[in-house]
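Let's take a walk through this structure together. Have a look at the picture and the sequence, and then we'll go from the whole chain down to a few residues.

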Amino acid sequence: MDEPPVGNGNALFPTVHGGRMSPDAVQYLLAKYVLAASKDCPSLQSKRISPHVLRHSAAMELLDAGVDSTLISLWLGDESTRSTQPYLHAHLAIKEAALAKIDPFNKQSPGRSRAGDELLAFLDKL
């Protein structure tokens, strides 16, 4: 971001001509650098890392840091703030905070769900 823009472009990751990279070019470069990083971090070899995964991870980190979902939506360039709703649904801390604000049913704390051994064994087989 400290470098001057190439040509008349204002793309964050410009091509050599200053234009925007194609989705294929972004995926190619990401795969190239994931492969290079997997030499130092072998666990990356078994993970599916895509531009969407990076986008999702960034949104979840911002949400975890307390950034408002509307601002995250704007930062990600979403057409609508509704696009950020899946991140809210996936964020466990927000769910736990909401549960902490309700009156317990029958004076019992709802607590956090714990999966039994049978369910965990089933999920391990998937």
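Helices here are DSSP runs of H or I with at least four residues, while strands are runs of E with at least two, and both are numbered from the N terminus. Counted that way, the protein chain in this predicted model has 6 helices and 0 strands. Follow the sequence along and you get the pattern α-α-α-α-α-α.

How much of the chain is tucked away? Of its 126 residues, 13% are buried. The chain exposes about 10,800 Å², and carbon and sulfur atoms supply 57% of that. As for contacts between residues at least 6 apart in sequence, 25% of them join residues at least 24 apart.

Now zoom in on α1, which covers residues 23–38 and includes S38. Is S38 buried or exposed? Buried means under 20% relative accessible area, so S38, at 5%, counts as buried. Leaving aside residues up to four places away in sequence, S38 touches L44 and Q45.

Next stop is α3, residues 69–76, where S69, I72, S73 and L76 are buried. These four cover an arc of only 100° around the axis, so they sit on the same side of α3.

At its start, a side-chain oxygen of D68 comes within 3.0 Å of the backbone nitrogen of T70. Just after α3, G77 takes a positive phi of about 80°.

Key: Residues numbered from 1 in each chain as written. Predicted model: local features only at pLDDT ≥ 70, side-chain atom pairs only at ≥ 80, totals over all residues. Heavy atoms only, no water. Buried < 20%, exposed > 50% of the residue type's maximum accessible area, 1.4 Å probe, protein only. Arc of directions from axis to C-beta. Polar contact = N/O pair within 3.5 Å; in protein donor to acceptor, adjacent residues only side chain to side chain. Contact = heavy atoms within 4.5 Å. Areas by Shrake-Rupley, 256 points an atom, 1.4 Å probe, with all protein chains shown as cover.
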